[in-house]
Amino acid sequence: MTQQNRYDEEHKIQYYETDLTGKVTLGMLINMLVLTSYDQADSFGVGTDYMLSKGYGWVIAQYEIDIKRLPRDHEKVRLVTEATSNNRYFAYRQFFLEDEQGTELVHVDTICVVMDLEARKMVAIPDDAVAPYHSEVVKRIPRLSRPTSFEQADVAATKTYRVRYFDLDSNHHVNNSHYFDWVMDALDEEFLIHHELCHLAIRFENEVRYGNTVKSEVTAPINNEDGTVTTHHHIMGDDERYAEATLTWRPLSATTVD
């Protein structure tokens, strides 16, 4: 359904979209939400095929995510997106995940850019790619929270991955959803079972291509005064930083985990 530049779809959470706790994984959640923006673009005739015909591709450069609750297997949800504003080089798009009663479970803010797929660099957003949305044209788009950087000496754990063919998307680089898997997989099972993600800020700095080897680095968890726990993350490789992220977690009680 489309109303102005707001677009929504219904979805039932499937078992293969969840982890061992029965809750949807962050990577799958991002895939579901971003799909709504692809479907909205297709409805306007400026979808992936149109952009590829021009030699361009949309890329999300930054996310900020607030999570009240992650939906569970078989739960029915509504996925919502809105192209909010843009200027010459950046577009601000929001995503929302709601339960059947319309209560917002997840709120996602993103900063998007357009990449020239041959030159592999950011270009000005084509007017015809954003005109159908009638989003607000602004001088400056909102700033999202920037992740906290850290020194190599602060790394508490590292995991290494080799980029596979099946990790790539139509932009010929690693799909964003895999970064979320890499980031969270650096934490051990005990931590992940007993904590629930409530906020994430991630910034992508360089693209990861086929055959690259990346390292997911994480600091030791930091206890905050409000009872939450923060972890800081880097995705590194070939002496480059591909992405950095800061995650905030709610500890779960033994009753909740069981």
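Me: In which helix is Asp128 found?

Reply: The structure is a predicted model: local features need pLDDT of at least 70, side-chain atom pairs count only at pLDDT 80 or more, and totals for chains, interfaces and linings use all residues. Helices (DSSP runs of H or I, at least four residues) and strands (DSSP runs of E, at least two) are numbered from the N terminus. On that numbering, residues 127-130 form the helix that holds Asp128, namely α3.

Me: Is Asp128 buried, exposed or partly exposed?

Reply: Buried means under 20% relative accessible area, exposed means over 50%, and partly exposed lies in between, with a 1.4 Å probe and protein chains only. The relative accessible area of Asp128 is 37%, and therefore Asp128 is partly exposed.

Me: Leaving aside neighbours within four places in sequence, which residues are in contact with Asp128?

Reply: Contact means heavy atoms within 4.5 Å. Pro71, 57 residues from Asp128 in sequence, lies 36 Å away in space, C-alpha to C-alpha. Once neighbours within four places in sequence are set aside, the contacts of Asp128 are Val46, Tyr50 and Lys54.

Me: How are the axes of helix α1 and helix α4 oriented, roughly parallel or roughly antiparallel?

Reply: Axes are lines fitted to C-alpha atoms, for helices over the stretch in contact, and angles run from 0 to 180 degrees between N-to-C directions. The axes of α1 (residues 26-43) and α4 (residues 176-185) come within 8 Å and cross at roughly 165°. Because of this angle, α1 and α4 fall in one named class. Angles under 35 degrees count as roughly parallel, 65 to 115 as roughly perpendicular, over 145 as roughly antiparallel and the rest as oblique, which means that the orientation of α1 to α4 is roughly antiparallel.

Me: Does α1 pass α4 in a left-handed or a right-handed crossing, and what is that handedness?

Reply: A crossing is left-handed if the near helix is turned anticlockwise from the far one by less than a right angle, and right-handed if clockwise. The crossing of α1 with α4 is right-handed.

Me: What is the make-up, by class, of the contact of α1 with α4?

Reply: Leu26, Gly27, Ile30 and Asn31 of α1 meet Ser177, Phe180, Asp181 and Met184 of α4. Ala, Val, Leu, Ile, Met, Phe, Trp, Tyr, Cys and Pro count as nonpolar, Asp, Glu, Lys and Arg as charged, and the others, Gly among them, as polar. By class, the residues in this contact are four nonpolar, three polar and one charged.

Me: How many of the 10 residues of α4 are buried?

Reply: The buried positions of α4 are Asn176, Ser177, His178, Tyr179, Phe180, Trp182, Val183 and Met184. Helix α4 is mostly covered, and of its 10 residues the number buried is eight.

Me: Leaving aside neighbours within four places in sequence, with which residues is Asn31 in contact?

Reply: Asn31 lies in helix α1 and counts as partly exposed, at 33% relative accessibility. The C-alpha atoms of Asn31 and Asn175 are 9.3 Å apart, across 144 residues in sequence. Beyond neighbours within four places, Asn31 is in contact with Asn175 and Ser177.

Me: Where is the place of His172?

Reply: His172 has a positive phi of about 65° although it is not a glycine. Most residues other than glycine have a negative phi. His172 is exposed, with a relative accessible area of 52%, and its place is the loop between β9 (155-162) and α4.

Me: How many disulfides does a search of the whole structure find?

Reply: Cys112 is buried at a relative accessible area of 7%, and Cys198 is buried at 12%. A disulfide is a pair of cysteine sulfur atoms within 2.5 Å. Across the whole structure, the number of disulfides found is zero.

Me: What is the relative accessible area of Ile235?

Reply: Ile235 lies in strand β13 (residues 229-237). Leaving aside neighbours within four places in sequence, the residues in contact with Ile235 include Tyr179, Trp182 and Val183, each of them buried in α4. Ile235 is itself buried, and its relative accessible area is 1%.

Note on methods: Residues numbered from 1 in each chain as written. Heavy atoms only, no water.
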